[in-house]
Amino acid sequence: MRGFVALLIVVAITGCTYVNKPLNDDSVPLESRKLNQTRAVGRAAQGQITNSSDGCFVGLAISGGGLRSANFGAACMFQLQRMNLLRKVNYISAVSGGALPAAYYCLYDDTDWNPGNVQRKLTHGFGTDIVLTAVQPWNAAALMFTDWDSTDVLAASLDGVLFRRGGRSLTFADLRDDRPRLLINATDLQSGKGFMFCNESFDELNSDLGKYPIAHAVAASSAVPVVLHPKTLRDFSTSFKQYRHFIDGGVTDNLGVQSLVDVYLAQNGGGPGQAVPYPKGAIIFVIDAGTRYDANLSDKGDIGFWEKIRRSTDLAATALIARANSATLGDLILLHAGKSLTAEDLRAKKQELQEKGFVEIEDQNQRPIQVIHLSLTNVRRLSNVPFPSFSESIDSISTLYNIERKEAHLLYQAAELLIRDGAMGEALESVGKKLNVEP
């Protein structure tokens, strides 16, 4: 905590436009510049393709949604770990709140990655940290008159609680070799396109990804428009002062699925009969923390000003998440299915995914893609919920960066119920057999 406070003081005094560092001096010829070599590999670059002993690409996508998605994502990850499936994952692609457990898992070993430790850290009041920092007179002045902003405060809080070890901020160079490759997703404010914090993206900026703090990447992915300030990166590919600005990754793909599909297709694009790293196709787990509505408002005749602001912000985020999640899964079916499927087949596949939570399609080269959709909205369909209003209680958990421990407990219960459900359990067992996993 002392490191966190000291960091706030230093940043408040100096301001903070960007924290990324150059990779090559601008005098180095383009053809002679070195490239990034971290474990955040977005495409088939520099020979860093992640081969799989079972011949199958396994991706895990974790949606955005504040600490609701952070805790639900962690809960599902522990359930997949219980089934020996998490260790088979090659890539984790995460957005906003989902990036918290994703990055934490990829940075720490099982000494730190355990339910008790993760539950304590992911119920920390990051939102409260932002508010308490902003109301201090000296900080309020710094926020108003310097480049230091609310997203920098969030990054400092994330750094102090999750991404700091031995007094040092953890960077992309600290990603573990025995964990999946990590992709953190944001949205480019200028182009409106998705942006991955990966080697290739930072190569384009001539910036050193290995020195970039993980907390700042997660904060960029979490920078909800209006609520938080865009995150800035300096473009060192030119001697002219140029910058890139990034907001919440959920604006373009709140599930993080598209990044996984892009990586898979880039690495496995060879036609039938050609040598590829994943000849048996792909398995994609999608952890989706989207919900429908807030049942806690139905018994209130009026709400106060600050409650109105909080609820309106949460509703806007929830609506955005729901639309983005539905569109992304629909695109996954429509854009990457094999050419032999008719429009009726595609509609049936989409319906199957929505109703059952899993589906199998073929890519353009007739290799199977299995999608496992672990969605909070499917909790209402389960028959073994612990109490009648369980699904309404889940729906009422906000997408903000504060969460009550009893709410987090509900999310852990939901993850266990979903994965232990009969049809889903059978689907996961089938996936385990394909990956040669012992039950």
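This is a predicted model: local features need pLDDT of at least 70, side-chain atom pairs count only at pLDDT 80 or more; totals for chains, interfaces and linings use all residues.
View 1. A disulfide is a covalent bond between the sulfur atoms of two cysteines. How many disulfides does a search of the whole structure find? The search finds zero.

**View 2. Strand E2, residues 91-95, and its cover.** Five of the five residues of E2 are buried, and the strand is described as mostly covered. Which residues point one way from E2, and which the other way? Tyr91, Ser93 and Val95 point one way, while Ile92 and Ala94 point the other way. Residues of both sets are buried.

**View 3. Strand E2 and its pairing with E1 and E5.** Strand E1 covers residues 57-62 and runs parallel to E2, to which four bridges join it. Ser93 of E2 has Ala61 standing opposite. Between E1 and E2 the chain passes through helix H2, residues 66-82, in a β-α-β crossover that is right-handed. Strand E5, residues 181-188, is also parallel to E2, and five bridges join the two. In E5, Leu183 is the bridge partner of Ser93.

**View 4. Leu418 in helix H15.** Helix H15 spans residues 405-420 and contains Leu418. Is Leu418 buried or exposed? With a relative accessible area of 7%, Leu418 falls under the 20% limit and is therefore buried. Beyond its neighbours within four places in sequence, Leu418 is in contact with Phe72, Ser375, Leu376, Asn378, Val379, Leu382 and Met424. Gln79 lies 339 residues from Leu418 in sequence, yet the C-alpha to C-alpha separation of the pair is 9.8 Å.

View 5. Of its 439 residues, 56% are buried. Taking contacts between residues at least 6 apart in sequence, 78% join residues at least 24 apart. The accessible surface comes to about 19,000 Å², and carbon and sulfur atoms account for 53% of this surface.

Key
Residues are numbered from 1 along each chain as its sequence is written. Side-chain values use heavy atoms; hydrogens and water are left out. Buried means under 20% relative accessible area, exposed over 50%, partly exposed in between (1.4 Å probe, protein chains only). Contact means heavy atoms within 4.5 Å. A disulfide is a pair of cysteine sulfur atoms within 2.5 Å. Two strands pair if DSSP finds at least two bridges between them. A crossover is right-handed if, with the strands pointing away from the viewer, the path from the first strand over the helix to the second runs clockwise. Accessible areas come from the Shrake-Rupley method with a 1.4 Å probe; for residues, only the protein chains shown count as cover.
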